[in-house]
Amino acid sequence: MQYFVRTMEKHKDSAKAFSAEVPCAGLAAAQDKARQIVKESPPAIMLQADACLRNRNIVRTKYRCWINERGEFQERVLV
């Protein structure tokens, strides 16, 4: 199993292209890294970061955070 963070722009004009994956030691580290990346980004980009788990060829998103249209930080734990 491998944990990693991937980011994308969330605004309407974006093609939603993912950036390079950032490997992490575990889920907690991936969540912290995702929060850090989003909070340090300019609000106008409306960045979204996902903490994901890869097991063989299956990728599951476990946590998601983003900046909404009003520039507010949002987060959600996904089951």
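This is a predicted model: local features need pLDDT of at least 70, side-chain atom pairs count only at pLDDT 80 or more; totals for chains, interfaces and linings use all residues.
Residues are numbered from 1 along each chain as its sequence is written, and side-chain values use heavy atoms, with hydrogens and water left out.

I start with the sheet. Five strands form an open sheet in the order S2-S1-S3-S4-S5, with antiparallel pairing. Strands here are DSSP runs of E, at least two residues, helices are runs of H or I, at least four, and both are numbered from the N terminus; two strands pair if DSSP finds at least two bridges between them. Strand S2 (22–24) and strand S5 (73–77) each have a single partner strand, so one side of each lacks a neighbour in the sheet. S4, residues 58–67, is joined to S5 by five bridges. Trp66 has Gln74 in S5 as its bridge partner.

Next, the core. Which residues make up the largest nonpolar core? There are twelve: Tyr3, Val5, Cys24, Ala30, Ala34, Val38, Ala49, Ala51, Leu53, Tyr63, Cys65 and Ile67. At least two residues of this core come from each of S1, H1, S3 and S4. Such a core is a set of buried Ala, Val, Leu, Ile, Met, Phe, Trp, Tyr and Cys residues joined through side-chain atoms within 4.5 Å, buried being under 20% relative accessible area with a 1.4 Å probe, protein chains only.

Last, the rings. The charged end of Lys39 sits over the ring of Phe73, 4.7 Å from its centre; the criterion is NZ of Lys or CZ of Arg within 6 Å of the ring centre and within 35 degrees of the ring normal.

Key:
Buried means under 20% relative accessible area, exposed over 50%, partly exposed in between (1.4 Å probe, protein chains only).
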